[in-house]
Amino acid sequence: MIHEYRLPREVVEIYEGIKNMSIRGAGKIAKYAVIALMKAAEDFKGSETRDFLKYMEYAGSYIKSARPTAVSLPNAVTYVLTRLRKQNITSVDEGKQVVISLAQEFMKRADEALKVIGELGSRRIENGDVIMTHCHSTAAVSVITTAYKRGKINVVYVKETRPALQGLITAKTLAEEGLEVIMIPDSSVRYFMKKVDKVVVGADTVAANGAVVNKIGTSLVALAAKEARVRFYVATETFKFSPYTLLGELVPIEVRDPREVVDEEWLKENKNVKIFNPVFDVTPPEYVDAIITEKGVIPPQAALLLLIEDYGADLRETGLSAPITWEE
Ligand code: RUB
């Protein structure tokens, strides 16, 4: 990316954090994206309103390019920048205030959404259910911990989630809440599925047809759940629904460094072995029983309706453009 403006250190750190996954999970990535916009706005030194707006667009495209798959990232940036554009600001100070309050509004709405998802999701859980989850999703954790606090569940199977092992974060979090956590290797999903009543996972992106893009391996869990007639729920804020898929765009799947799969030494010793590390996959809508959002629990086929409600009326005005292309 050509650096037209100098962005403050905090913005670059957030970009790097998202890229190297020290900031991870679609919800958290979205929150940090708006924090980055806030930091960028605060740091702007000029006095021309037009220049401020151009600078903010630049900051938005920079932060959006950190990771390709979770649509929460461009959606969070779009949330702030489209509203900023519509405000017809007349001074830089006013612009800065607008960005700060929009970013805070986004974060508040995101926190509230997680609570509602927890409540609505826990209603779908029956007393004594055994749950399975994959990766680390704040929205799925919200459903599981709310159901636990309501005295409905006790046992949860957590898949370790190779290669980045986000399952360890989930296992730790749920155990600290008091749940009985059983961590299992990814490859044992079908073996354990017969002991499970419901699967709850998160989402990085939900497409207009209700397909769910989430951490690699999710679609295999869905397959095993379907075979065992175990209900498969996806917990997600609506800012993870992709308006780009309304325009017929496909969701780009991130491919990461082979060194996340094997170490450098092994790679050097086995130069003739190719390693491929895609980190998300697509679960088709037929495998999803329901999507739990802050606007209600919907069948995957209703994803389109939610997208039209949020983006349909003024698709052109929202400033949507084709998502950034991702080079492997
Ligand atoms: C994280 C992942 C999570 C979703 C939802 O992938 O796939 O399931 O992002 O998480 P990564 P949340 O670790 O590669 O970012 O519900 O917290 O938004």
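In this predicted model, the loop between β2 (155-159) and α7 (167-177) contains P163. The peptide bond that joins R162 to P163 is cis, with omega at about 5 degrees. Phi of M21 is positive, near 70 degrees, although the residue is not a glycine.

The ligand is the next topic. Its surroundings comprise 18 residues, of which R24, G27, T138, N214 and K215 are the closest. Three secondary-structure elements, namely α2 (26-43), α6 (138-149) and β6 (212-215), each contribute at least two residues to this shell.

From the backbone, a polar atom of G27 is placed 2.7 Å from a ligand oxygen. Side chains also take part: a polar atom of the T138 side chain is 2.5 Å from an oxygen of the ligand, and for a polar side-chain atom of K215 the corresponding distance is 2.7 Å. On its own the ligand has 460 Å² of accessible area, and the protein covers 99% of it. The space that the ligand takes is the largest cavity.

Confidence in the model remains to be considered. The protein chain has a mean pLDDT of 94, and 94% of its residues reach 70 or more. Residues 322-328, however, have pLDDT below 50, and this stretch makes 11 contacts in the model beyond near neighbours in sequence.

Key. Residues numbered from 1 in each chain as written. Predicted model: local features only at pLDDT ≥ 70, side-chain atom pairs only at ≥ 80, totals over all residues. Heavy atoms only, no water. pLDDT = per-residue confidence, 0-100. Contact = heavy atoms within 4.5 Å. Near = heavy atom within 4 Å. Polar contact = N/O pair within 3.5 Å; in protein donor to acceptor, adjacent residues only side chain to side chain. Areas by Shrake-Rupley, 256 points an atom, 1.4 Å probe, with all protein chains shown as cover. 1 Å grid on protein atoms, 1.4 Å probe; cavity = no way out; pocket = protein on both sides within 12 Å on 5 of 7 lines; lining within 4 Å. Sits in = over half its atoms within 2 Å of the grid points. Helix = DSSP H or I, 4+ residues; strand = E, 2+ residues; numbered from the N terminus.
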